[in-house]
Amino acid sequence: MWIEGLVIERRDWNDKLFSLKIKVDIGDFKAGQFIKLSQVIDDKRIGRAYSLVNPPGCGYVEVLAVAVEEGLLSPNLQALKVGDVIDVATKASGFMTLDELPTDEAKGKHLWFLATGTAVGPFISMMDTCEPWETYERLVLAYGVRKVEDLAYLEQLKGYEARYPEQFKLVLSVTREQLNGALTSRIPDAISSGELESKAGLRLNPEESQVMICGNPEMITASQQVLKERGLTKNLRRAPGQVTVERYW
Ligand SMILES: Cc1cc2nc3c(=O)[nH]c(=O)nc-3n(C[C@H](O)[C@H](O)[C@H](O)COP(=O)(O)OP(=O)(O)OC[C@H]3O[C@@H](n4cnc5c(N)ncnc54)[C@H](O)[C@@H]3O)c2cc1C
Ligand SMILES: NC(=O)c1ccc[n+]([C@@H]2O[C@H](COP(=O)([O-])OP(=O)(O)OC[C@H]3O[C@@H](n4cnc5c(N)ncnc54)[C@H](OP(=O)(O)O)[C@@H]3O)[C@@H](O)[C@H]2O)c1
């Protein structure tokens, strides 16, 4: 169930937020899936889920993580150095993937990614594949963080804007500081007020939109509520809808 991975690169975005690149062979996976990282701590095996930031086919896995105060595993992950080993589950899993979205008339033409904190990772993995760009006319990423220093992979995100200027819109929400051009309100509030749509230049509606939401569970619940008021319902295999979610805790 566990295999040893070797840390081959790390990047610190701030004193709590970091990325690890781990050399390990977990076989095939789908963009949007997660792996489990694990250590034995005080004779007890502790495993936690981490979304993959890299697209399939790289020969390594990359994760973006925050060290949670008094967390059991994440502070130990933050302490890992290049050359250290960490146990990785042999298989990725998870259903927040593009192939879970409707393909028929309920497909929609605009794909919205709503992320807080480390949950920007799985959307980067998806955007590093051809699939969303070939399937949807427009893509929006709303990425919410507390402070400017919490914005990870910003250069890469701006790179998608440069590469797909007509197709992609990045909307940042920085809630505890001012950043030029960014929203200051939380994502669900920005949906309610219409600010998010105004920044994106698109409307959220059941006819045109598919929405994937990931990260803070309270943000997800609040976003689902405001989207429901707009007629967007949960996407289920037996009943296609517009909203697909993954809660991080
Ligand atoms: C499907 C899935 C994917 C996940 N992907 C990621 C990921 O890519 N990166 C990542 O950092 N975490 C991710 N998590 C959370 C991760 O699995 C752990 O819960 C987290 O690292 C804390 O573990 P811990 O043992 O240090 O803390 P614990 O002792 O387990 O404490 C858990 C508490 O930490 C807080 N918390 C957990 N995760 C986060 C987070 N990401 N941001 C802010 N607060 C958090 C919550 O308050 C939670 O109740 C994911 C969780 C799930 C279920
Ligand atoms: N990021 C840091 O600088 C930092 C520092 C120390 C510790 N940590 C650790 O990391 C954890 C959280 O870090 P994080 O900043 O990545 O995640 P977060 O607390 O989930 O915040 C990310 C974004 O989500 C918003 N948000 C929070 N609750 C929401 C809700 N109920 N509805 C809608 N939006 C909501 C936040 O807005 P608000 O700003 O309005 O809350 C912020 O814009 C903490 O529990 C702590 O353990 C982080």
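## Salt-bridge network

Glu197, Arg203 and Arg230 are joined in a network of salt bridges, a salt bridge being a side-chain nitrogen of Lys or Arg within 4 Å of a carboxyl oxygen of Asp or Glu. This is a predicted model, in which local features need pLDDT of at least 70 and side-chain atom pairs count only at pLDDT 80 or more, while totals for chains, interfaces and linings use all residues. Residues are numbered from 1 along each chain as its sequence is written, and side-chain values use heavy atoms, with hydrogens and water left out.

## Individual pairs

Across the whole structure, a search finds 9 salt bridges. One of them joins glutamate 9 and lysine 21 at 3.5 Å, N to O, and it links glutamate 9 in strand E1 (residues 2-12) with lysine 21 in strand E2 (residues 17-23), 12 residues apart; strands are DSSP runs of at least two residues, and helices (H or I) of at least four, numbered from the N terminus. Lysine 21 is buried at 17% relative accessible area, whereas glutamate 9 is partly exposed at 43% (buried is under 20%, exposed over 50%, partly exposed in between, with a 1.4 Å probe and protein chains only).

Aspartate 84 and lysine 81 also form a salt bridge, their closest N and O atoms being 3.8 Å apart; aspartate 84 is partly exposed at 23%, and lysine 81 is exposed at 52%.

Lysine 30 and aspartate 99 meet in a salt bridge of 2.9 Å, N to O. Because lysine 30 lies in the loop between E2 and strand E3 (34-41) and aspartate 99 in the loop between strand E6 (85-89) and strand E7 (110-116), the pair ties together parts 69 residues apart in sequence.

Technical notes. Chains lettered and ligands numbered in written order.
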